[in-house]
Every structure is written in C-alpha cells, then in structure tokens.
Amino acid sequence: MTVSGTVIDPEGEPLIGASVLVRGETLGTATNIDGEYTISVPSDGALVFSYVGYATQEIPVNGQSVINVTMNVNSEVLGEVVAIGYGTVKKSDATGSVAVVKPDEIEAGLATSVQDMLVGQTPGVVVTTSGGPEGSGTIRIRGGSSLNASNDPLIVVDGVPLSNDGVQGMGNSLSMIAPDNIESMTILKDASATAIYGSRASNGVIIITTKKGIKGTPEVSFSANMYVNKAQKRWNVLDANSFRAMMTNVYGAGSNEVNALGNANTDWQDEVLRTTVSSDYNLSVRGSAGMLPYRVSVTYTNSNGILKTSKMDRLTFGFNLNPKFFNDHLSVSANAKGYYFNNRFANTGAIGGALSYNPTVPVYDIHRLSGDSGQKYLFNGYTSWYNISDKDNSVVLNPNSAVNPVAQLMDVNNHAEVLRSNGNLQLDYSFHFLPELHANLNLGYDISKTDEYNEVMANSPQAWLNHKKNGAGYEDYTYQSRSNTLLDFYLNYKKDFESIKSMLDVTAGYSWQRFSAHGRNWGASSEKGRPTTAGFKTISYNNGSFMMDIDPETISSIGSNYVQDPNSGNGNYRWRNHLQLLSFFGRVNYGFMDRYLLTVTVRGDATSRFSKDNRWGVFPSVGLAWRISEENFLESARGWLNDWKLRLGWGVTGQQEVGGTVNYLPQYSIAQPGSYYPSGQLDANGRPIYVAPLYLQGYNPDLKWESTTTWNAGMDWGFMNNRITAALDYYYRKTTDLLSFVAIPAGSSTTNMLNRNIGSLVNYGIEFNVQARPIVTDDFTWTVNYNVGWNHNEITELYEGSTIRTGGIAGGNGNTVQAHAVGHAANTFYLYQQVYDQAGNPIEGAYVDQNGDGQIDDADKILNKSPDPKVTMTLGNNFRYKNWDFGINFRASIGNYVYNNVLSNNINTSNLYSSYGISNVVDNDVYFSQPQYMSDYFLRNGSFLRCENITIGHTWDNLLNDNLRMRLFAGVQNPFIITKYKGIDPEVFGGIDNSVYPKAVIYTLGVVATF
C-alpha cells in the first residue's frame, strides 16, 4: 500500500531530507523541502524514520495510509558529550576551541596508525607522517610554542596522560593504538580548554577514548586489510651512460678517472627500494556477562616498508570492563592494553647513497681477500671502493668512502623488541545522599621495556670502515625501561537548577604523576651483557680498582645519573632518571538560561625539574560563550538557524619538558679511560685504586617555567537542521621565558650547553571549517567537509639579542642553514642570496654583499622563509548511492619552504672523482664545481596539493537475517601530489630534505564485518 505523511521537528518545522525506510529492506525515500514523503510499504510492515541529530523512530503501518511523525532530539548527538579532561561536557556547552574526531570504518580501514586518522581532520592541526613502517611522525597544534622544549601535544589515553619522551625502538605513542579500537578523539586547542592540564598543555591536548563494552547480546567485529606499498616518486639521477658522458666531458676521454669507471648500468634506487605487501587484522568482542559489560580485542599488523629490510610487526591485546554497582551509584571502568612491537629499522642513509653511488659498477663484486682460500668474499661480495696497502698488501677502506647502499641495508640488522602496556582503573561514586556529587579516583600506568640490537655483519664494508679489526663484525645493544604511574582524585558536583534557569558544574581535584626510566648501553667493541656498577664507589678496573671522586648517589637523589663502565672506552653506560609532577586543579562551568556560559579553570603544578624557588606554576583560564540562537529576537529564524554561538577565551599554560630531568642541580660526567690516575691506595684485595676525574655539567638553579598565554575568539553555526555546520576561530598565543639550550662560553668550568629562559615568541592565526550535505535524495547523498587554517609564527625576544643557529645539514663540517632570530619565525632559513646571470642560472660563488663591505661572510647571510606552512587546507567529499560509497580527500599546504640538501650535496663536479670514490649526480639544469651549501639557490617553495585518499566500498546491512553487517572496500592513499618542488616529497618536517624516507602510494583492499 502507499503511505504518505509529513516529518517535523519538535518546533513544528519540516525536516528536509529525513530518511524513510521500509523495515528490513533497503527500499526507502527522503522527505522534500516541506518535510513530505510518499512510499510503498507492506500493509503489515513498518517504517523507520531517521535524521541526523534526532532519535530514530520505527512505526508499524497497521493499514494506515497517512503517518505523520514528530522527531525527538537525540541528546547523544545534538547534545554530544565530549571529553574535556577530568570530565565531560555537551559540545554545545563548550566554551573553548574543541574539535571532535570520530573515526568511521572507512578511515579505520585506511590507517595503520592513529596519527594517520588525524591528518587534515581539523584546521590548525598539522600532522607530518614518516614514510617508515613504524608509524613515527609529528603533530603540531597551532604552530610550535617553544624553541627547544617539547612542541608535541599532550596525549591522554582513557584518562592516562602519556610521556612525550617516547619509547626506544618504536614510533610515537600514537603508533601503538590500533585505529579500529578508537571510539573518539577530542582535540583541545585553546587555553580555556587545555588549562585543566596546566603544565603540559601549551601545545594542545589530544584525548583518546577507546571503545567500551555494551549491555546486551555479544557483538563480534572483524576487519582485515591488505596493503600494497610502492614508492610514489624517485630522484632523477644520471644513468650509467649519461654519467660516463659527464665524466668524459669533465676529465677527458682516456683519462684515469674515466678508465676507473665500470661497465655495469645499475639503478641504485631500484636496488634499495621495493614494492611490498602488508596487512592487518582486528578481532573484537563486546557485550555483557550478566551485569558486567566487557570488550576484548586483539590486533595484528604487519607493515613492510618500501626501503628494503624495514618492517614493523605489532600485536596488541586489550580488554575493558565497565560495570555499575549499588543501583548505578558506583561506576567502574577497568582498562588494560598490551603491545608487542618487533621493528627493524633500515639505514635511511642508503637512500642518499643510492643517489650518489657509482652507477657504472654492479651491486656485487668477487674480489677475494688476499691469501684467502676462495671461500670468503671481500666485503661479503658487495662492490666497494678500497685500496691495497703498499706496506703489507692489506685492505684499506677510507673512512670517508661511500658505502655500497645495498650493503648498508643487508649487512646491518638494527632491530628492536618492545613490550608495552598501559591502562587504568577508574572509580566514579555518586553519593547516595547527594547523587549530584561524584567522587572519582583514577589509577593509571604506562610501562615499557625495550631491547634494541644493532648487528653489523663480519667482513661487511661497515665493519672494515668503522672498526680497524680486519673486518670483524660487532654488535651494539641498548636496554631501556620506562614507567609512568598516575593517581588522580577529584570531586565533581553537577546540577541543573530549573527554578533559576541555571546549570552548575564544579570540579576540584589532585593529581600525582611519576615518570621513571633506566637503561643500559653496550658499545660496539665491548662484550655484550657486561654489567656496569653504577652507584658504587669502587668499580673493578683491569688489574686494579676504580674509585670515583664523588659517589653518584650523593650527586643528586633525583634526575639523571650517567655512570660509565671503566672497562670500556666505547660509551658503555648505565643511566636512570626520574621526574615527578604534582598538581591541584579546579574548574567551574556555569550556564544561565542555556544561553550564557562561563568556564573558569585554575591549576597549580609542581615539577621536580626546577628548584624549590621556581617549582610551582599557576595556570588560570576563563572561557565565555553566548548562544545567540537561543535569544528571543532570533525566534523567527529558528526554522533555518539551529545554532549560533559566540566563544571568547583566555588562559595561561605551562611548559617544563626540556632536555634532562634535573637541570638546576650540579651533575657530573666521568672521564674516559686514559685520564684515570692512581690514588696511592689499595683495595681490600691489595689492588691499586684509580681515581677518575668528574666533569661538571652545565646547570641553572634559576631555571623556571615557560608559559604561554592564549586569547581565542570563535563562532559556531548550524543551519537547516544542522545540514550545514561551521566554525570560525581567531587565536593569539604568546610564549614567554622560552626554555632553550645556550652554549657555555669558552673557559667556563662546565663542559656542555646550558638550559636557560631566553625570550618569547608569538603565534596567531585564523581557522575555519564547514561541513555540509548539499544533496540528499532518496538514493543519493553528498557530504562535503572543508577546513582552512592560517598561522603566523614570530620570535619577539631572545637572550641578549642573539641569533641561535639551527638546522644542521649533510655536507661540509658543522654547516647549518636555519636560525632563531627576533622578528622572524622559529627555524627561519639563514643563507646567502644567490646572484644569477642574464639567463637565470646561478653564478657559482657569487652572492649579494648585503652590507656593502666588499667581502662575503656571515654578515651577508639573510633570514628568509620558514619551513612551516602559512596556510593549510583540507577538502573531503563522500558520496553514497544506495549501499555504495565513494570518497575522495585532498590536502594542501601553502607557503612552506624546503632546503634541498639532496641537491646541494649532489650537483658538485668536484665530487665526481676523489680518493674516496666515484659519485653520481642528480640530473639538474646547472652544476657547481665546488659545493655551495650556503646558497639560497637550494631553498625551494614546498607548497603542494596532495590527494590524500580515494575509496570505494559496498555495504550489506542485513545479511544472515539481519545478524551480519559487512562492508568490502578498496582504496588508494597518496595517489598523486601537485607541486613545483623537484624533490621526492615537499612535506618534510623541519624543512631540510636529506635522505628522508619516501612516502608510498598504498593500495588497500579490506573487509569489515559485524555479527
């Protein structure tokens, strides 16, 4: 029979594009501009009505020809609850700049790392991923607020803030979480939102909530994805024939240099790069066992990098229990996750080596060791540049000689095994006599253990090059253990006072967190496993004993103690460090008439990094919001204007994460063997005791908090029943008392650089994002997302007006191409201005004499251009036709500059032939006879438009009698990039392109099923 009707909202306004489906079928329609619909349906069937932001309704037909429906607001959607730290708030009531990312099955299927899912999701968040399989990368929220202190955002997983120090042997903390296990990610940007985390929130906060158990019938989810990875682009270098022609042109036919060339034609990039197949699998079960909701998951990821030998194996296991007791007064959430990583790291220097290594020689040679029986091959058969000593006919491999790129990969096994676990137990008790008052206790942990080995094969070129022991192989070993323990306790009172049209939400609490780490390292020439004896006054030393001038335990009871094993001069040491944070915090949220909103936050933090005089920092914030759309004068507009909110925020956050853990106390390093001297005493066994001088490290008792003050003004809009939503933000951030490393003047009594507070910098910018559904019909829906962010970074003050050199490059000795200077962005490029001829070609060695003194020196270098983009944009489109979906996403970066270090190292004819070997060059319009590293000729515009991904999929909603939902999809990530930059990829964190692991084009095929 035919059924018609009208679908309206609670105010009586028609809902345009509401979905009307026949229960159990894919047949359906959508309401028109007047909210009307007409559909054919079995007389004994039922209709399902749904609309974004409203609760789904199912209504039996029962022979009715007219069914009118009033949709009810879905409080879980329009009143979307977001995590804001130590609690939650409805997003519509948030006064700060908050973005919520809820990954769907499409995004989860394309990503092997959580940080991949953040790329382009919200303006002001720039994610630069590595091409490596281990999933490392960097995240910057509204630009960097520090020079040498950490610029990483705080990552909070299920209530446990993680350390930014990272774990040896794996990528950043986000690389450990399987994307399928993510429920939501909340990004706190401005200080009014982040200040509740105080000392660690200057660079923003990312709160990750993983999926939890549910009540009811168990639900089983499974996903499997296969990835084919292939290098997107390669450097254009001379092939063997072109290289021979260049050598002949430079040195002349029949010259010794040309005669040294081989007869092969080797593409070294082909030899070090590869096409790989990777995969991941996720299985989860959630439901409830009686009164105990649970979720259990296991994930396995095998990621093989496109650089030979690089790979990551990741196995994760997690469970969550979230029961309630005492008539739901006590809520318990218990989370535990375990991770196993087996990473093999390839030497990225092989990428640069593949560009410069002689293309006229083969990968393998058969020169045998002198006097050998013929069973072993010199350098394990890899072609290498070497000489034979005239004295004893032995092999001499110059330490500056290039190493065969394939040998760099195949003859070295640098691998790490990491065990890590994190989790928490959270108890939330609602008092029986006052249910609006909650007491919350959160006990959390994050622990890890790493064993990393770096094995160099015997007789390899590396063994001959670095250790003059006739090619004997060697092994480095590093052990690291880290622990992060947390105790949070807070009280929360939340109540709506309807009689006075007010809402009050008050939180006050205490937080304690301790970070501990210790490790050991055994150098290349030592016996693996030899114990050190840190903390003891006397250490066995050859035939005698070793005595330190000062027992390290008395140097400092907290912080880092580095104690070297005197039996070896190769860096063998044991280390440990500790850091404690102690905090008190409070927050008040107040709302009046559901229109006027106020948030006031204050947090006091103490850190063991600073002295007692500077240990405490106080970080306040205020946020105001006005929901203009709720005002009576806009009542006539409510048919098309659903939301209009003005937000204003101010706050101060802190920073104390700078190198070292105890920078205000004097600490000492132990002299190397060879500088020990006899004390004139004997130990209990009659052996002489030796004394090792201790050298004072740089320290600063006046070191204090770096602080960032942020102003934020923003607006949020919702139109046409939230079919279009948008947000606009302006922010201004000023960081003072910048923490940085400053070189110690010559003649000082300390031995290294020093931490101190040196200046200030600002970031200000604009962010805008919009989401819309331009087309909604019976069968077809188009959803579009667009966001754009602009950021300006500028240093406003530095210690004594200094210019701090940064940006080290490959080539030369200690060359740098960037600097921190007042009036410029951090890490601005610092180079000579190149002079060009009339044809537009650079004149070698000719630079602009900026000060006119007749000579070219450092005074003529100019500060120009930044590695950070001025503008970032993302455009995402998703099209759904019946059960088919198609998505395509683009991302743009405008105004980022790159110093092409690969080019500056590989267009110099002086490198073609030397005692170190024969070197190829990159194909370029011009070549220099000598390196010109300081020329801004190598500074290139890195702006780009990247197609992030393309996907297509089909979903079956009701297989096996509505018990199985399955989706098959295919996709390609990073299929193309449009840019003027001539290197492999213009997206280089830090702006210096030098043997960066190339990004891959990734073809994906996957299935997601829920039973």
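**Chatting through a predicted model**

Tutor: Let's start with helix H6: the cover over its buried residues includes helix H5 (268–272), helix H7 (405–410), H10 and S56. Keep in mind that this is a predicted model.

Student: Okay! How many of the residues of H6 are buried?

Tutor: Seven of the eight residues in H6 are buried, so the helix is mostly covered. The buried ones are Ala350, Ile351, Gly352, Gly353, Ala354, Leu355 and Ser356.

Student: How much space lies in the second largest pocket, and which residues lie nearest its centre?

Tutor: The space comes to about 1200 Å³. The lining has 47 residues, and Ser356, Asn400, Ser401, Ala402 and Ser919 are the ones nearest the centre. Ser356 is also one of the buried residues of H6.

Student: And by class, what is in the lining?

Tutor: The lining of the second largest pocket has 27 polar, 19 nonpolar and one charged residues.

Student: Let me zoom out. How many helices and strands does the chain have?

Tutor: The chain has 11 helices and 61 strands. It is 1011 residues long, and 53% of them count as buried.

Student: What about contacts across the chain, how many join residues at least 24 apart?

Tutor: Take the contacts between residues at least 6 apart in sequence: 70% of those join residues at least 24 apart.

Student: Is threonine 653 buried or exposed, and why?

Tutor: Threonine 653 is buried because its relative accessible area is 2%, and buried means under 20%.

Student: What is threonine 653 in contact with?

Tutor: Leaving out neighbours within four places in sequence, the contacts of threonine 653 include Ala191, Thr194, Ala195, Gly198, Phe619 and Glu706. Ser202 is in that list too, and the side chains of serine 202 and threonine 653 are joined by a polar contact of 3.1 Å.

Student: New topic: which residues have a positive phi although they are not glycine?

Tutor: Two examples are lysine 865, with a phi of about 75°, and asparagine 974, with a phi of about 55°.

Student: Where are they found?

Tutor: Lysine 865 is in the loop between strand S51 (862–863) and strand S52 (871–881), while asparagine 974 is in strand S59 (residues 964–979).

Student: And are they buried or exposed?

Tutor: Lysine 865 is partly exposed, at 36% relative accessibility. Asparagine 974 counts as buried, at 8%.

Student: Last one: what is the average pLDDT of the chain?

Tutor: The average is 84, and 85% of the residues score at least 70. Over residues 75–79 the pLDDT is below 50, and that stretch has eight contacts in the model beyond near neighbours in sequence. Residues 368–375 are also below 50, with nine such contacts.

Technical notes
Residues numbered from 1 in each chain as written. Predicted model: local features only at pLDDT ≥ 70, side-chain atom pairs only at ≥ 80, totals over all residues. Heavy atoms only, no water. pLDDT = per-residue confidence, 0-100. Contact = heavy atoms within 4.5 Å. 1 Å grid on protein atoms, 1.4 Å probe; cavity = no way out; pocket = protein on both sides within 12 Å on 5 of 7 lines; lining within 4 Å. Points joined across faces, edges and corners; volume = space filled by probe spheres on them. Nonpolar A, V, L, I, M, F, W, Y, C, P; charged D, E, K, R; others polar. Buried < 20%, exposed > 50% of the residue type's maximum accessible area, 1.4 Å probe, protein only. Polar contact = N/O pair within 3.5 Å; in protein donor to acceptor, adjacent residues only side chain to side chain. Helix = DSSP H or I, 4+ residues; strand = E, 2+ residues; numbered from the N terminus.
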